Amino acid sequence: MSTINQLDADARSALSEGYVDDALRHSTRLLVRALELRVTVWEKKAKLAEEVEDALLIIKYDEDNTNAYLRVAKIYAVQGKQQDAIDMLEKGLGTSPSDEQAILLQQQLTIAKGRLNRRVDFITETPYEIACKIISSLDFDLDIGKCMNVSNTWRTVILRCPEPWQSSKITWHGNKWPWSNPSVLQEMMPLISRHIKKLDVHFPTTVPDVIRFLTDCEFSHLQYLKLVDNDQCPDLRGSLYCIFQNIGNTLKELEIEARSVTICLEDVLSNCPGLTYLSLRVEDIIAWDAKMPYTTLLEVINLFPLMQLLSHEMEPLFRCSPHLRHMGIFLTFEFEKYEDYNILSAIEPYCPELISLKNHRDYAFTMIPYELPVDEDASEGLRLLSLADIRSIIPFTPQLMKSFSTLRSITVFPVAGGMESDLTDWEPLSSAVMHNLTHLSISADLNSTLYQHLPAMIRSYPALKSIYLGGEESTAPSETTDRIFDAVAELASLTNLNLEGFCDMGSGFARLIQHYATRPTLLKELSVANVDMDIQVLYSIAQIQSLQHLLVHIPYGREYTEADIVEFTRFIAQIPGLKILDIHGMELTKDAVANIASSQSLVKLELCDCGESLEGSVYRMIENLL
């Protein structure tokens, strides 16, 4: 420190006496000493970039500073910049250092040149197991292709390494690497096929190489296969049987989406004896009784053909599926003989372990995923029943009665209109108390007899936690909706209420919302979509203090004043635990958005069709405040 103080004093003295060159020389030496001190600090903090920057400044002001050249060269070497390190050391030797300094510089120069001449291939030098660990951590789509092009050695190691291939789905998407190159496909597939456990194939327009891959290569570990053909490829239709023969021995889960393909279940099940999950979204499905296996391991079945499918046609499949637990299917019930036959009566004699049945024309709504939570309850009986396009529940009564104590979810979507039914068609749904039912979903015309019977159903399900009611944008007599919402108000455990398409809510809905706004409640999620409400009801909704998720979709043509909307959003901002807010169709002003943005709990906000005032500055306000 005394040296620094002395340099500072000398620089000031020389400047005061008019010796400018001496003052510059002393101040430069002072600057170099300060930089040397700061370089040491950067070294302690492991800040390499800052250390190099200050060391280069030292060299700028003191070209003979050998230690600075050595420091910069050392950092370059650590960063793998061997040529830069060599250049720095040679520059240092060119400054005529002392003999001792020259020896140090020459030693480091020799080491740097040796590193440059001996490039280390870490994949080659690393033990195979560690190399596989490194490779498995790479991004499959972005990194694997680049690494395979480094060298033949890298390519060989990557192709031999099982991790990236068995843990990643392989999908043919247009020109994505590497599946767009036929030569690469032919080379790689025989090498990696034995590693693959999950394979997702989206067929392109031309598929001969892909078909050959699936029919000829060895798949010793394949457990999941998904085939998607959106191009109606004729090659696939003629090759499915050969594919099943080649891959079927180890397969446990199979999904096929090909709307131009007819599937014979005997071909699938006889070649894939270990299947536990089967999902078919195809043109037609055939089940020949004489050719079906005696028994299968199937636990989940999804059947969605374009052609009309009847219950009795699938009886051979049910007969050989004693372990079936989950069934998703689209049946055309209008062709069924209701008085003596339905899907449940077809399944029940052969599938005693069945716990869920979903029937709906909407594939996304009905499909049961292959990854399902384990149900620890071993008691017999349905847990989930979902029926669409039905006119009566009466044909299902025998099976329904056996599941009164086990059902947890019921969904009923009557045939469009629903006017051909009477109250007796739905009475079995309330003939006994279901103490374990927690979810109810109804979508029908509000004038239907199902909605007239709904209050009795709700009172028979005291444990309900979630309700969805879809009104198909129709209007019901006020006494019907009042009775429905009065029954909902009696539910002590309700946490989720979803209402859609009610054109006239009646006074019962206002009483229900007021009930939640003025009393302690468990209601956490409220969704009202295309539901006509006056502003007082909206105010009450925004005062339900237990809400965590609120969705409000205002029907077209319904308008509120600016003052009403500002007041509504002010109430919303005061809900202490509200995390998700979704508003559609409400004309928001800057003041209204500012109210929303002042919420202390919101983590997700979606605004749609909320007016031109949300452009520009208001969006920035949301970003700044929320």
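Guide: Let us start with one residue. I513 touches L526, V537, S540, I541 and I544, leaving out residues up to four places away in sequence; contact here means heavy atoms within 4.5 Å. The model is a predicted one, in which local features need pLDDT of at least 70 and side-chain atom pairs count only at pLDDT 80 or more, while totals for chains, interfaces and linings use all residues. Residues are numbered from 1 along each chain as its sequence is written, and side-chain values use heavy atoms, with hydrogens and water left out.

Visitor: Where does I513 lie, and is I513 buried or exposed?

Guide: Helices (H or I, at least four residues) and strands (E, at least two) are DSSP runs, numbered from the N terminus. I513 belongs to helix α23, residues 506-518. Buried means under 20% relative accessible area, exposed over 50%, and partly exposed in between, with a 1.4 Å probe and protein chains only. I513 counts as buried because its relative accessibility is 0%.

Visitor: How many helices and strands does the protein chain have, and what share of its residues is buried?

Guide: The chain has 27 helices and 16 strands. Of its 626 residues, 49% are buried. Among contacts with a separation of 6 or more, 68% join residues 24 or more positions apart.

Visitor: How should I read the pairing of strands?

Guide: Two strands pair if DSSP finds at least two bridges between them. Strand β9 (residues 409-414) pairs with β10 in the parallel sense over four bridges, and I410 stands opposite L440 in β10. Strand β10 covers residues 439-443, and four of its five residues are buried.

Visitor: Which residues does P414 contact?

Guide: P414 is found in strand β9. Beyond its neighbours within four places in sequence, P414 is in contact with D389, I390, W426, S443, A444 and L450. The C-alpha atoms of P414 and A444 are separated by 6.2 Å, although the two residues are 30 apart along the chain. P414 has 8% relative accessibility and therefore counts as buried.

Visitor: Which residues lie nearest the centre of the second largest pocket?

Guide: Rolling a probe the size of a water molecule over the atoms shows where empty space is left. On a 1 Å grid over the protein atoms alone, where a 1.4 Å probe fits, a pocket is an open set of points with protein on both sides within 12 Å along at least five of seven lines; lining residues have an atom within 4 Å of a point. The second largest pocket is lined by 14 residues, with R558, E559, G585, M586 and E587 nearest its centre.
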